[in-house]
Each structure stands twice: as C-alpha cells, then as structure tokens.
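Hi,

Here is the two-chain model I promised to pass on.

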Amino acid sequence: MRNPLSKTITTIEPSGIRKFFDIVSEMENAISLGVGEPDFDTPWHIRDEGIYSLEKGRTFYTSNAGLKELKIEISKFLDRRYGLKYDYNKELFVTVGGSEAIDVAMRTMLDPGDEVLIPQPSYVSYLPCCVLANGTPVIIELKAEDDFRLTPEELEAAITPRTKLLVLPFPNNPTGAVMERKDLEGIAEVIEKHDLFVLSDEIYSELTYLENHVSIASLPGMKERTIVINGFSKSHAMTGWRLGYACGPEIIIKQMLKIHQFAIMCAPTTSQYAAVEALRNGDEDVSLMREEYNGRRRYVLKRFQEMGLSCFEPFGAFYAFPCIKEFGMTSEEFANQLLQSKKVAVVPGTAFGDSGEGFIRISYAYSLDDLKVALGRVEEFVTELREKR
Amino acid sequence: MREKILTFIEKNSRIDLKELAVILGVDETAVMNELESMEREGIICGYHTLINWDKAGVEKVTALIEVRVTPQRGMGFDKVAERIYNYPEVNSVYLISGGFDLMVTLEGKTLREISQFVTDKLSTLDQVLSTKTNFILKKYKDHGTIMAAKSKDERIMMA
C-alpha cells in the first residue's frame, strides 16, 4: 500500500502536555496544577441563554461570519475595553475558538517559504499551524531577564527578507507575561519599518493585573497590519463552547472567511447566542473572576518566594512560570519526579518551546484550597531536593 | 480595603490572616486592624458555620412566618419586632414591603414545637393581626451556597 500520509503532517510532533495528563488521570490522589482553562463554570445567565436558544429551536446554521447581533456586540466590546474600532460587517468574523482563527490567518497570509516569527515559550499551536500553511517558522527565544517580553532588538535580529508575519502571544501562555504600551510601541516601529504583519493572539486580554490590556492594533498605523484574535474561552470561562473571533483589515478578513466558509461553515449556533448574552451582561462576571485570579496569583507568588523559587511577577493570564534551574535537572525530569514523588502535575516549560527549559508552568486556575495543598507538596519536594544535594 | 475584606470573609471566614493579607495584596497588620475595628463597630456581627443538617442526620424544621401587625404610635414596627426577635428560637426578623409586615424565620426540632410557638407566643401578641406559617421542605441553596454535592474537576490538560 502507498503511504497514506502527507510529508508535512508526519513532521509535526503531537503536543507534549497530553502524555502527562494520561499519567495523572491514572494516579490516585494526584493533584493537578496543569490545566490551562478556567476552573469557573460559565456564568449561569450565559448558559441559560444557550439553553433558551435550544428551547426556541435555534438549531440552524448562522451566516458564515456569525450572527449579526454577536458581531455587533464584539465590535462594541473591543471598542469599550481596548479602544479598537472594527466594522462588524467587514472587519471581523466569529470562529470556532481562537484556535481556528490562528490556523485560518496563517493559511490566508502565507506563501511557501514565508517566514513567521514565533516568540517562545508560547502556546503550542502557532508552529504546527505555520508549517501546515507552508510557512517557515522562525523562533525568537524570550528571556526571563526581560520578564519574557519581546524586545525590539530581538525582533530586529530575527528579521530576514523573507519575514512576513510576527505572532504576538500576549498576555502569554505559559509565562503570564504581558506587553505594556511602551513595549508594544517599540515593536510597532520595527514592524512598520520592515513592512511586516502581526498576528496578535489576545485570548487572555481580559485577565491582566497590572493595567488594562493594550492591543497592538490600537497603536497608530498598526490596525492595517494586524489580525487580532480573541474569544470567550478565558474571559468568560467558556472553553467548551468553542467560540472566538478574528478582526483585521477587510482585505485579509474577506479571504479568511473563504477558508472558514469551506472548512467550518459557521461557529456553533448555541454558543453564539450564549456569547451575545456574555457580552451584553457579562462584564461584572469577568471582573469578579479577574479579582479572584489576582488573589490566587499573589498567593502563589508569595509561596514561591517563601520556598525560594525564583519567579518573575506575571501580570497576565492565570499562569506562573518559576525557574527550577538550581536543581540541575531538565524541566521534564523535574515535572516527572514531582508527579511520581508528590503526585502533583505541572507542565514542563519545554512543552512550550526549547526556551522553556529550566522552567515549569503552574496554573492557578484552581481553588485556593487546591493551591494550598498542591503548593505544600511542591515545597516539600524542593526542600527534599535541596537536602539531597 | 474594607469592602474587599468583607467580600472575601463573607464566603470564607476561616481564612488565615496572613493568607488574607497576601491575597488582597495588603499589609497583614492593616488587615488585622480593619477586622478589629469592624468587629467593634458592629459591621462584622459574628462568624457562623453553614451546616447541612439533613446530611448530619439531625432533625430540624424551619418555618418562614408571614406576620401582619399593627404598628405602634411613635415606635412603628420596632417595638413589636423586638418582642419577637428576643425569643431565642427566632432566627431572623425582617420588615417586609408588600402584603404583610414582618418575615420571621424560626427553627425548631419538630413541627409541633413551631406550631406551639406560633399559637402560644406569636399570635397572642396584642399587635399581631394574623400569621401565615410556611414550612421549608428542602433547602437547595442557603447563604449563596448550593447544598447539592460538588461536581468533580473534569478538566483535562490540553495546553
């Protein structure tokens, strides 16, 4: 029989996180700090609206770009929260989670050989999506000493004549790093100078703890060069609803819609109705959850400080990214041993790129009680490691 | 800061002071001082435990009693409310707008105990015009807490 597989797909590695989860789920009394989604249920009034839409028999396709009401609400939301102005009719459409938007944007914008700059550590799908779109990924390794922010110098150094697109994943998974306005201004200057485009994944934009999130698309001259990706998963605790959106210049959105139309048709109708409610009456829920995450964030950082683990202060998402280099083992060894000896699951930094070596990702999307128990075990673990050495 | 402290301890009064200070991002002594003064000022009136008595296997009957009363000159409803709330078996007394005046909640061991209180003590007060007793059959949610068993964490590690 002939090989049924394409050369491209066989070069792509599966995500490294799942194998940890499989061990954890087999283990009794294991506690996880590994999950990358909110621990809150979707607020009831939002779920109720989804149920109501089903009761009313709204079970048909919506238009490809999404419900008009939803697109209008998204456009209003982006304006009131980040000062972004998008025409709901021409400059945005609703996707199946932010993930679809990443894939479709890459496929719309890349020709074979085009280089895509991907800062790492970062979410696991940028690189495979780029490869599947025939692009050439070029990794920029972010550094702990810069608080894992992207600097204009690092960006400049990675640019070649083939560079077309920069992925900008902030607030960042797994590090929790944010880019403030001043940081983005430096980046924007380089982008304009080299005539590049930006894929700004802002899925964690509602979860920032220093100041309000700033979108690079809100800087002068950047809207024309940026695709903004966002969604409901993290802000409104709606991961399972699979709902996101992409915004950008009409010339790009129009072409993205073609792929969306032929591959997906439309985002789930029930989810779209629920999302209208989320944007109309959900701001208070978001700020309550943000406040709760922020309390846990402070608690987690304090515990790291007490156990002498160095960790820069993350101002976004719901992750901390402490350094474990002092123990002289790889991230994966550390995570494995922690799981075997203390039954606590964390994700090795290397799951998010080679530059995550020497770090682990801790999620604080867990109740305070769970965090207490789990961090207590982490503390025992590092104390024992230090005694052994 | 007061509102933040109150919002937090309303749901979790057993939290360690040190932890509370860390979570709120403020100084521990400041939290302690605020708590003390709010207790003194009567803003914090007590620390209680929310118990699911059904699960504990202890028989308890709770009744919500709607009471219509005649307000008294110069004292409105306060005087009669006081006469009612001084009974230790009375859990709460609220002045209510609408079809009746006072909502009294009462906890007892048996139906009989409660009906005795209503007939002997409450109805016989001069100012009480009428009472209507509603017994609670099942508590689904109390003090913002859902009584049903907590669901387990079904999230999986994706990314």
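Helices here are DSSP runs of H or I with at least four residues, strands are runs of E with at least two, and both are numbered from the N terminus. Contact means heavy atoms within 4.5 Å.

Before I go on, some housekeeping: this is a predicted model, so to speak of local features I need pLDDT of at least 70, side-chain atom pairs count only at pLDDT 80 or more, and totals for chains, interfaces and linings use all residues. Residues are numbered from 1 along each chain as its sequence is written, chains are lettered from A and ligands numbered from 1 in the order in which they are written, and side-chain values use heavy atoms, with hydrogens and water left out.

Which residues of α1(B) are buried? They are B:I5, B:F8 and B:I9, where buried means under 20% relative accessible area, exposed over 50%, and partly exposed in between (1.4 Å probe, protein chains only). Looking down the axis of α1(B), these buried residues fall within an arc of 90 degrees, so they line one face of the helix; the arc is that of the directions from the helix axis to the C-beta atoms. On the other side of α1(B) you will find B:E3, B:E10 and B:K11, which are exposed.

**The interface**

On the chain B side, 14 residues are in contact with 30 residues of chain A. The size of an interface is often given as the accessible area lost when the parts come together. For chain B and chain A that comes to about 1700 Å², 64% of it on carbon and sulfur atoms (accessible area for a 1.4 Å probe that the two parts lose on being put together, summed over both).

There are two salt bridges between chain B and chain A, a salt bridge being a side-chain nitrogen of Lys or Arg within 4 Å of a carboxyl oxygen of Asp or Glu. One of them pairs B:K4 with A:E291, with the closest N and O atoms 3.9 Å apart. The count of residue pairs in polar contact between chain B and chain A is four (both at pLDDT 80 or more). A polar contact is a pair of N or O atoms within 3.5 Å; within protein, one must be able to donate a hydrogen and the other to accept it, and residues adjacent in sequence count only if both atoms are side-chain atoms.

The elements giving two or more residues to the side of chain B that touches chain A are α1 (2–11) and α2 (17–24) of chain B. Of these, α2(B) gives the most, with four residues. By type, that side of chain B divides into nine nonpolar, one polar and four charged residues (Ala, Val, Leu, Ile, Met, Phe, Trp, Tyr, Cys and Pro count as nonpolar, Asp, Glu, Lys and Arg as charged, and the others, Gly among them, as polar).

**Salt bridges elsewhere**

Over all chains, the whole structure has 31 salt bridges. A:D39 and A:R296 meet in one at 3.0 Å, N to O. This pair links distant parts of the chain, 257 residues apart: A:D39 sits in the loop between β1 (31–32) and α3 (44–55) of chain A, and A:R296 in helix α11 (residues 283–306) of chain A. A:D39 is partly exposed at 26% relative accessible area, whereas A:R296 is buried at 4%.

A:R81 and A:E206 also pair up, at 2.9 Å, N to O. A:R81 lies in helix α4 (residues 68–82) of chain A and A:E206 in the loop between β6 (197–201) and β7 (226–231) of chain A, so the pair ties together parts 125 residues apart in sequence. A:R81 is partly exposed at 22% and A:E206 is buried at 4%.

A salt-bridge network links A:R149, A:E180, A:K182 and A:D183.

The peptide bond between A:Q120 and A:P121 is cis, with omega about 5 degrees, and A:P121 is in the loop between β3 (115–120) and α6 (126–132) of chain A. A cis bond also runs from A:F170 to A:P171, with omega near -5 degrees.
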